[in-house]
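Trainee: I'd like a close look at one part of this protein, and then how the rest is put together. Could you take me through it slowly?

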Amino acid sequence: MAKTAGTSVPTVSKVLRGGTDVSAETRAKVMAAVQAVGYTRRAGAMSESVRVERDLSNVLDLVVTHFEESWANLVIAGVGREAAAAGLDVVLTLADPHGDWVSRVLRRRAVGTIGTLIDPTSRQFNALSAAGVPVVLIDPMSTPPSGVASIGVANWDGGRMAAEHLLALGHVRTGVVAGHARHLFSRARVDGFRAAADTATASGATVSVVHGGWNRAKATAAVHALLDSDPGITGVFACSDPMALGVYDALNARGLRIPEDISVIGFDDLPEAQYICPGLTTVRQPCTELGATAVKLLIELSRGENGGSRPPARMELATELVVRASTGPASAAAAPRR
């Protein structure tokens, strides 16, 4: 790596240990060399000094792209509570897509890194691996490299439960407001919903899918497009509670009642689901438990408590359906669709 970066071996070591007395240009060259060489630290190859530093550290890094919404706040609360119970402090690192958040993480020499709402590049993964930094991802957006631990929820099963609930109420023409098409958890929720509808072959169930990008306003626009193309839809599954609020906005604008004209199901069970009217039927995911379990897994990895074996590729926590007032029997005489 030193030869590739055009620098000395001690400088490479310093960068991988998070040293601050290295220029930004040199740091960038070393990180590029890590990517080019494909270097990963062998299990047990961490130097004793770095191991001692990490063992003595009382900090873990939580890397996020934003924390302005309820889901992120609940996860952060779980991380914070579990970390405090373990005698650790949490440093929130904002992952600016154009910034070098990996270097900031390395400089702190924390016990490890938890990432949520981020999609690290292979270069970033390689840099963390080269420095021997344990990483746990919470519901990764794309498939992480082999050996990177992740924890999420049963997204496919949650989508299935949403569809089965609507089908049981007699809804055979349904719509799905998905997140980003490339995100694994969005695709899993849609696939679970489709699978349940396809299984109910006798009902002749149909599923129309639009994408709302995890955004309330975009979800509102997507629902208008959905109902313009298929005005016979009587049940809508939104792949997040914030997007379900967008569904409410669109239906209200069209003069449609919930659930008399269209039933609505969300995904998350955020506090907003209980406060809106009518109360939102939704698939609950244990957000706080996600954060807490990620901390437990990270501590195990940082201390080698998994016996030196590879961490599980993925841990999943169960989801469950919470029925409130936004779903009801399909009406044979729906209101005119505008």
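In which loop does Phe 67 lie?

Mentor: Before we get to that, some ground rules: this is a predicted model, where local features need pLDDT of at least 70, side-chain atom pairs count only at pLDDT 80 or more, and totals for chains, interfaces and linings use all residues. Residues are numbered from 1 along each chain as its sequence is written, and side-chain values use heavy atoms, with hydrogens and water left out.

Now to your residue. Phe 67 sits in the loop between strand S1 (59–64) and helix H5 (70–85); helices (H or I, at least four residues) and strands (E, at least two) are DSSP runs, numbered from the N terminus. Its relative accessibility is 35%, so Phe 67 counts as partly exposed, the class between buried (under 20% relative accessible area) and exposed (over 50%), with a 1.4 Å probe and protein chains only.

Strand S1 leads us to an open sheet of six strands, ordered S2-S1-S3-S4-S5-S11 with parallel pairing; two strands pair if DSSP finds at least two bridges between them. At its edges are strand S2 (89–94) and strand S11 (315–317), each pairing on one side only. From one strand to the next, the twist averages 20 degrees, using axes that are lines fitted to C-alpha atoms (for helices over the stretch in contact) and angles that run from 0 to 180 degrees between N-to-C directions. Within this sheet, S3 (residues 113–116) and S4 (residues 135–138) pair in the parallel sense over four bridges, with Thr 116 opposite Ile 138 in S4.

There's another open sheet of six strands, running S7-S6-S8-S9-S10-S12 with mixed pairing. Strand S7 (206–211) and strand S12 (320–322) are its edge strands. Six bridges join S6 (residues 173–178) to S7 in parallel, and Val 177 has Val 210 as its bridge partner in S7.
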